[in-house]
Amino acid sequence: MFETLSERLSGVFDKLTRQGALTAENVETALREVRVALLEADVSLPVARAFVKSVSAKATGSAVTKSVTPGQQVVKIVHDELIRTLRGEGDPGALKIDNPPAAMLMVGLQGSGKTTTTAKLAKRLTERQGKRVLMASLDTNRPAAMEQLAILGSQIGVDTLPIIKGENAVQIARRAKQQATLGGYDVYMLDTAGRLHIDEALMAEVQAVRDVAQPRETLLVVDGLTGQDAVNVATEFDGKVGITGVVLTRMDGDGRGGAALSMRAITGKPIRFVGLGEKMDALETFEAERVAGRILG
Ligand code: GDP
């Protein structure tokens, strides 16, 4: 995911660390190159600018230029700044799902990986936290999507709400809540309908479902390959329904990684998980330290 950015930055820093003593000028040159590398990775302009400005303020201090390894000092500053940019508060994987039955709303555009991610998360909660999870598909427009969740549920051994034809999304959400309460489930996950584009009807439906379920967590699933678009989608969903975090999918692909770097800074919402493949175990918590390490190689 971050290969290109990682390569570009290592080129910049190799040059810098070979230079022994550093001057304000060669630090500035290096940071200009960092900025270009960030923009090429599809990091949004204000984020790239703020990033470089903050690094620059710390790197041009005399403590850095006088240090024995000034180049490495700059790399360390960039590393710390990456972590600061990427990190949300607290543990990204710690979902608020005490107080059973806790509702989790999964939202996003069609094709983002929402249904797959719902099942991956359900599996994780079941296996790692011993939670009893019920999943329900609210995608009444696409019977195939409802079937898909049921199939995934039986593969991973997680219950799904039986499908009743003719119900609307709100009715399904109510039934899921009731079933979760009566059935003693810890968590019920609502896989809401996606559309190809954000539209009024989609948002109104998600809002109505949210009002019924009162979810503690509303996770937006977005395709990490879509770069700044992913960030725009997050901003819109957050404005309309309020999200508590983001899951970036397809981080196993060859995207440029910009979405990961811009998300927190632009939307104020943390990335909680990343999808790294189609398999049910291909989901990781988003650890800023590990990601910064990957970027700096
Ligand atoms: P939805 O329409 O948002 O519910 O999307 P789906 O869950 O049906 O996913 C669409 C396609 O993307 C499926 O073929 C998934 O297997 C695939 N997919 C989902 N997440 C990932 C991921 O993290 N990496 C990769 N490579 N494929 C994924």
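What is the handedness of the crossing in which H5 passes H12? H5 goes by H12 in a right-handed crossing. Keep in mind that this is a predicted model, and every value below is computed from it.

**The chain as a whole**

Let's step back for a moment. The protein chain has twelve helices and eight strands. Its C-alpha atoms fill a box of roughly 70 × 40 × 30 Å along the principal axes. Of the 297 residues in the chain, 52% are buried. Take the contacts in the chain with a separation of 6 or more, and 76% of them come from residues 24 or more positions apart.

| Helix pair | Residues | Axis approach | Crossing angle |
|---|---|---|---|
| H5 and H12 | 70-86 and 288-296 | within 9 Å | roughly 135 degrees |
| H10 and H11 | 228-241 and 258-267 | within 9 Å | roughly 30 degrees |
| H8 and H9 | 169-182 and 200-213 | within 9 Å | roughly 25 degrees |

Start with H5 and H12. The axes of these helices cross at roughly 135 degrees, so the two are oblique to each other. On the H5 side, the residues involved are Val-75, Val-78, His-79, Leu-82, Ile-83 and Leu-86, and they meet Ala-288, Glu-289, Val-291, Ala-292, Ile-295 and Leu-296 in H12. Sort the residues of this contact by type and you get ten nonpolar, one polar and one charged.

Next up are H10 and H11. With their axes at roughly 30 degrees, H10 ends up roughly parallel to H11. This crossing is right-handed. H10 brings Ala-230, Val-231, Ala-234, Thr-235 and Asp-238 to the contact, while H11 supplies Ala-259, Ser-262, Met-263, Ile-266 and Thr-267.

The crossing of H8 and H9 is right-handed. Ala-169, Val-170, Ala-173, Arg-174 and Lys-177 of H8 make the contact with Glu-205, Ala-208, Val-209 and Val-212 of H9. By type, these residues divide into six nonpolar, no polar and three charged.

**Inside the protein**

In soluble globular proteins, nonpolar side chains tend to be buried together. In this model, the largest nonpolar core has 76 residues, and the members that touch the most others are Phe-13, Val-34, Leu-190, Phe-237, Leu-248 and Met-263. Leaving aside residues up to four places away in sequence, Leu-248 touches Val-222, Gly-224, Ala-259, Ala-260, Met-263, Ile-271, Phe-273, Val-274 and Gly-275. Two of those names, Ala-259 and Met-263, also turned up on the H11 side of the contact with H10. There is a second, separate core as well: it has 23 residues, including Met-106, Ala-119, Leu-121 and Val-133.

Val-187 is another one to look at. This residue lies in strand E4, which covers residues 187-191. Is Val-187 buried or exposed? Its relative accessibility is 0%, so Val-187 counts as buried. Not counting residues up to four places away in sequence, Val-187 touches Ile-97, Ala-102, Met-104, Lys-131, Arg-132, Val-133 and Leu-134. Val-133 is also one of the residues of the second core. As for Val-222, a residue that Leu-248 touches, it is 35 residues from Val-187 in sequence and 22 Å from it in space, C-alpha to C-alpha.

Most residues other than glycine have a negative phi, and most peptide bonds are trans. The model has some exceptions to show. One is the cis peptide bond that joins Pro-100 and Pro-101, with omega at about -10 degrees. Pro-101 sits in the loop between H5 and strand E1 (102-108).

Asn-99 is found in that loop between H5 and E1 too. Though not a glycine, Asn-99 has a positive phi of about 55 degrees. Its relative accessibility is 58%, so Asn-99 counts as exposed.

Gln-214 is also not a glycine, and its phi is positive at about 45 degrees. You'll find Gln-214 in the loop between H9 and strand E5 (217-223). This residue is exposed, with a relative accessible area of 57%.

Terms used:
Residues are numbered from 1 along each chain as its sequence is written. This is a predicted model: local features need pLDDT of at least 70, side-chain atom pairs count only at pLDDT 80 or more; totals for chains, interfaces and linings use all residues. Side-chain values use heavy atoms; hydrogens and water are left out. Axes are lines fitted to C-alpha atoms, for helices over the stretch in contact, and angles run from 0 to 180 degrees between N-to-C directions. Helices (H or I, at least four residues) and strands (E, at least two) are DSSP runs, numbered from the N terminus. Angles under 35 degrees count as roughly parallel, over 145 as roughly antiparallel, 65 to 115 as roughly perpendicular and the rest as oblique. A crossing is left-handed if the near helix is turned anticlockwise from the far one by less than a right angle, and right-handed if clockwise. Contact means heavy atoms within 4.5 Å. Ala, Val, Leu, Ile, Met, Phe, Trp, Tyr, Cys and Pro count as nonpolar, Asp, Glu, Lys and Arg as charged, and the others, Gly among them, as polar. A nonpolar core is a set of buried Ala, Val, Leu, Ile, Met, Phe, Trp, Tyr and Cys residues joined through side-chain atoms within 4.5 Å. Buried means under 20% relative accessible area, exposed over 50%, partly exposed in between (1.4 Å probe, protein chains only).
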